[in-house]
Amino acid sequence: MEPPSDAPEHCPGTQSESAGKVSACQGCPNQSICSSGATRAPDPGVHLVRNRLSSVKHKILVLSGKGGVGKSTFTSLLARALAAQDTERNVGVLDIDVCGPSQPRVMGVVGEQVHMSGSGWSPVYVDENIAVMSIGFLLKGPEEAVIWRGPKKNQMIRQFLSDVDWGELEYLIIDTPPGTSDEHLAAATYLQGVNLDGAIVVTTPQEVALLDVRKEIDFCRKMKIPILGVVENMTAFVCPKCHTPSNIFPPNTGGAAKMAEEKSIRLLGRLPLDPRVARSCDEGLNPLTEFPDSPVVGAMEAVVRDLIASLPSSDAGAGDGDSMDTS
């Protein structure tokens, strides 16, 4: 098991016999717990998650190191595009952004409620073959703040992964918050051994976003999460009237394409910025059917084709690390 997110730099790890006993542990808030040996017992949540997700064929994380790059919008577009390819294909969207859940809004199911049954939580269905689960369905209102410390957020993520009754799913798309902190560590821990296909990393072209995305790539490699590819969002603004592209965020350092080349990672696609798509997501509508002429639609279809082609077989291991990083 990995060290906790607030561990010192040279933490020996919670499973080590020296946990809580070495000089690096001095001042760590977890020192007394680690030294007692209580953390060395296997987390039963890992087994529960493995059992629950055994009926899900493909499991994909959507990550971004930077907020505001359109990660949640991309997640919703990806889910809708996958579901549209085959109406017999069931797609689930799990929103583990505990403090800033966006999927109820962008998928058009704000105000819906989830129900508990003997088989677990029932997700909210957007269409016959798209289901969504988010903490947004459990709050009193869209403006209610979630003011939780790390352990409670981690417990919520464990419940989402182990207690939601998805049924038979072809794809489970997991929308994460920006960064590389508690939520990401919890998801990576609980998804061990469930044949996680990997992560899609979303960025925008400018260097300030790419800098944080490089950290996200480093996180994936340290956690042995396969990287399925990078998607560059907001590549250019395309005027809906004259269809002329303009670079709102100039790729001064080569953008995602250059970074993907440097990191030996597949560039899955580049999505233009269409204000009609942004408005559709704000209103909870499906941009793929509302504006089929949008350049975003064609770009998304290409991303889905490349993604499906790059997915490992369903019996591939979840801990292959960088073996999936190269094109």
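1. Cys 25 sits in the segment that precedes helix H1 (31–36). The model is a predicted one. Is Cys 25 buried or exposed? Its relative accessibility is 6%, so Cys 25 counts as buried, the cut-off being under 20%. The UniProt annotation "binding site", from an unreviewed entry, covers Cys 25 together with Cys 11, Cys 28 and Cys 34.

2. Overall content: the protein has 11 helices and 12 strands. Of its 327 residues, 49% count as buried. Among contacts with a separation of 6 or more, 76% are between residues 24 or more positions apart.

3. The sheet: 8 strands form an open sheet with mixed pairing, in the order E5-E6-E2-E7-E1-E8-E9-E12. E5 and strand E12 (267–270) are the edge strands; each has a single partner strand, so one side of each has no neighbour in the sheet. From one strand to the next, the twist averages 25°.

4. The E5 end of the sheet: strand E5 (residues 124–127) pairs with E6 in the antiparallel sense, over 3 bridges. The two strands form a hairpin with 2 residues between them. Asp 127 has Ile 130 of E6 as its bridge partner. Strand E2 (residues 91–95) also pairs with E6, here in the parallel sense and over 5 bridges.

5. Burial of E6: how many of the residues of strand E6 (residues 130–134) are buried? The count is 5 of 5, and the strand is described as mostly covered. Both faces of E6 are covered. Ile 130, Val 132 and Ser 134 are buried on one side, while Ala 131 and Met 133 are buried on the other.

6. The E12 end of the sheet: E9 and E12 pair in the parallel sense over 3 bridges. Glu 232 has Arg 270 of E12 as its bridge partner. Helix H8 (residues 255–263) packs on the sheet and touches E8, E9 and E12. The direction of H8 makes about 155° with that of E9. Helix H7 (residues 207–222) lies across strand E1 (56–63), E8 and E9, and runs at about 170° to E8.

7. Helix packing: the axes of helix H3 (residues 71–85) and helix H11 (residues 295–310) come within 10 Å and cross at roughly 75°. H3 is therefore roughly perpendicular to H11, a label that applies from 65 to 115 degrees. On the H3 side, the contact is made by Phe 74, Leu 77, Leu 78, Ala 81, Leu 82 and Gln 85. H11 contributes Val 296, Met 300, Val 303, Val 304, Leu 307 and Ile 308.

8. Backbone points to check: which phi value does Asn 195 have? Its phi is positive, about 60°, although Asn 195 is not a glycine. Asn 195 is found in the loop between helix H6 (182–190) and strand E8 (198–203), and with a relative accessible area of 30% it is partly exposed. Met 234, also not a glycine, has a positive phi of about 55°. Met 234 lies in the loop between strand E9 (227–232) and strand E10 (237–238). The relative accessible area of Met 234 is 16%, so Met 234 is buried.

Conventions
Residues are numbered from 1 along each chain as its sequence is written. This is a predicted model: local features need pLDDT of at least 70, side-chain atom pairs count only at pLDDT 80 or more; totals for chains, interfaces and linings use all residues. Side-chain values use heavy atoms; hydrogens and water are left out. Buried means under 20% relative accessible area, exposed over 50%, partly exposed in between (1.4 Å probe, protein chains only). Helices (H or I, at least four residues) and strands (E, at least two) are DSSP runs, numbered from the N terminus. Two strands pair if DSSP finds at least two bridges between them. Contact means heavy atoms within 4.5 Å. UniProt positions are given in the numbering used here, feature names are shortened, and annotations may be inferred rather than shown by experiment. Axes are lines fitted to C-alpha atoms, for helices over the stretch in contact, and angles run from 0 to 180 degrees between N-to-C directions. Angles under 35 degrees count as roughly parallel, over 145 as roughly antiparallel, 65 to 115 as roughly perpendicular and the rest as oblique.
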